[in-house]
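Please look over the sequence and the 3D structure below.

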Amino acid sequence: MTTPLPSTDRPRPPRASSWRRWSALSGLAWRESRTARRRLLLYMSSIALGVAALVAIDSFAGNVNRSIRAQSRALLGGDLSFSSRVAFPAVADSVLDSLAAAPGIDVARVTTFASMALAPASERTRLAQVRAIGAGYPFYGDVITQPAGQWARLHEGRFVLADPSLLISLDAQPGDSLSIGFLSFVILGAVESIPGDPGVAAAIGPRVFVSERWLEDVGLLGFGSRAEYEAFARLPEGTAGEAVAAPLRPRLEPERVRIRTVAQNESNLTSSISELANFLGIVGLIALLLGGIGVASGVNAFVVRKIDAVAILRCLGATSHQVLAIYAVQAALMGLAGAAAGAVLGVGIQVLLPRVAGEFLPVDVAVRLEPIALLTGLGVGVWVALVFALRPLLGLRGVSPLQALRREADPTIL
């Protein structure tokens, strides 16, 4: 009987779990990437500028739209507005008189026309927009004057308030006389801000504010003169503007009298801001995509330098998919770092934009962080970085473990 030979097979050690293998490979790749981190961050910095533009534009648009909604009544000057390019017809006058006679409703008229303003003290003249204001206007918001508190005195006598640019051009001071048409007025001071009017409006056409009681005595609204006629109504609290405006439109629109409510004015303004933000967002997205091309070029150079390291990882047991995943995660993390830097820069730009563009906006913008804009910027930045980096990284799947030995003999290998 033959004695069986002892088995030469030795028990195999337990196979390491996938988690441990991934941990070891990731740690090795992280340590190996120390020399390339600065270079990768430099490549990813091109992503930061595009993300900064997206975050700043979206955040600023969100802040402006929210401020418009909060100040919508002040922007319109009332709960309802009526406007016409010719004198209000009899139908419109009847409607406005009926509203003014209704309990709890206040009505104020505003007439705007162009005229030469003369400062007798300096003998200087300047074309200005004269606004004849009815008592109570604006019904919402505060008018800031210098000296303070002069707006309430406008209807007490033959007084005027003017934009600072007009007073400078006329070399006039508070207390001086200002001639408009056939009347002479006393300058009370300067209007620094009025609800609903952007500051740049004063530079385009400086304004003079007078009480409407002097409108006929000025004598400038004769046959053929051009003017804009507006009226503003303040409704009782809780009254919907559309409920009042709806039955009036069939009577006034055929007479070319336009009626606007707070909701309509708010919708028009927010729509305009959103369209502008969309246009600028496309510009920022293009800049981000151009940054992605720079990322692809940089990652391609990075991959060429890492072929030896990848071959060593393959010798240690890493599969082609594991190697690709490791370096893709590195690219995503670097993209996240670049996007985070861009988001911080975008928030800084968002804080500065109201100071730079405040003169062109009809509202006082309250700056607040917009989480959706931040998350969108981070997500788009990481996505662009990963997509543009993935194409060069795909070449790492073809790296063989033998290239660790054959690299010196065949330098043309990927």
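## Ground rules

This is a predicted model: local features need pLDDT of at least 70, side-chain atom pairs count only at pLDDT 80 or more, and totals for chains, interfaces and linings use all residues. Residues are numbered from 1 along each chain as its sequence is written, and side-chain values use heavy atoms, with hydrogens and water left out.

Helices (H or I, at least four residues) and strands (E, at least two) are DSSP runs, numbered from the N terminus. Buried means under 20% relative accessible area, exposed means over 50%, and partly exposed is in between (1.4 Å probe, protein chains only).

## Strands around β7

Strand β7 covers residues 183-193. Two strands pair if DSSP finds at least two bridges between them. β4 pairs with β7 in the antiparallel sense, over 3 bridges. Within this part of the model, T145 has V191 in β7 as its bridge partner.

β5 runs parallel to β7, and 4 bridges join them. V160 is bridged to I187 in β7. β6 (residues 177-180) runs antiparallel to β7, again with 4 bridges. Here S177 has V186 as its partner in β7. β6 and β7 form a hairpin with 2 residues between them. G181 in that turn has a positive phi of about 65°.

## Backbone exceptions

Most residues other than glycine have a negative phi, and most peptide bonds are trans. Two bonds to proline are cis here. The bond from Y137 to P138 is cis, with omega near -10°. P138 is in the loop between β3 (124-133) and β4 (144-146). The bond from Q146 to P147 is cis as well, with omega near 0°. P147 lies in the loop between β4 and β5 (159-162).

Positive phi values also occur. E123 has a phi near 60°. This residue lies in the loop between β2 (106-119) and β3. E123 counts as exposed, at 69% relative accessibility. R256 has a phi near 65°. R256 is in the loop between α9 (249-252) and β10 (258-261), and counts as exposed at 74% relative accessibility.

## Rings and their partners

Rings of Phe, Tyr and Trp (its six-membered ring) pair if their centres lie within 6.5 Å; planes under 30 degrees apart count as stacked, over 60 as edge-to-face and the rest as tilted. The structure holds 3 aromatic pairs. In one of them, the ring centres of W151 and F209 are 5.5 Å apart and the planes stand at 70°, so the pair is edge-to-face. W151 is in the loop between β4 and β5 and F209 is in strand β8 (residues 207-211), so the pair ties together parts that are 58 residues apart in sequence. Both W151 and F209 are buried.

Charges also sit over rings (NZ of Lys or CZ of Arg within 6 Å of the ring centre and within 35 degrees of the ring normal). The charged end of R153 sits over the ring of F159, 5.2 Å from its centre. R158 lies over the face of W214, at 5.3 Å from the ring centre.

## Salt bridges

A salt bridge is a side-chain nitrogen of Lys or Arg within 4 Å of a carboxyl oxygen of Asp or Glu. The structure holds 12 salt bridges. One of them joins D97 to R109, with the closest N and O atoms 3.9 Å apart. D97 lies in helix α4 (residues 90-101) and R109 in strand β2, so the pair ties together parts that are 12 residues apart in sequence. D97 is partly exposed at 48%, and R109 is partly exposed at 24%.

How exposed is R249? At 12% relative accessibility, R249 counts as buried. R249 forms a salt bridge with E242, the closest N and O atoms being 2.7 Å apart. R249 also meets E253 in a salt bridge (3.8 Å, N to O). E242 is partly exposed at 37%, and E253 is partly exposed at 46%. Elsewhere, salt bridges that share partners join R73, D79 and E237 into one network.

## Helix α11

Helix α11 covers residues 307-315. I307, A309, V310, A311, L313 and R314 are buried there. G317 follows α11 and has a positive phi, near 110°.
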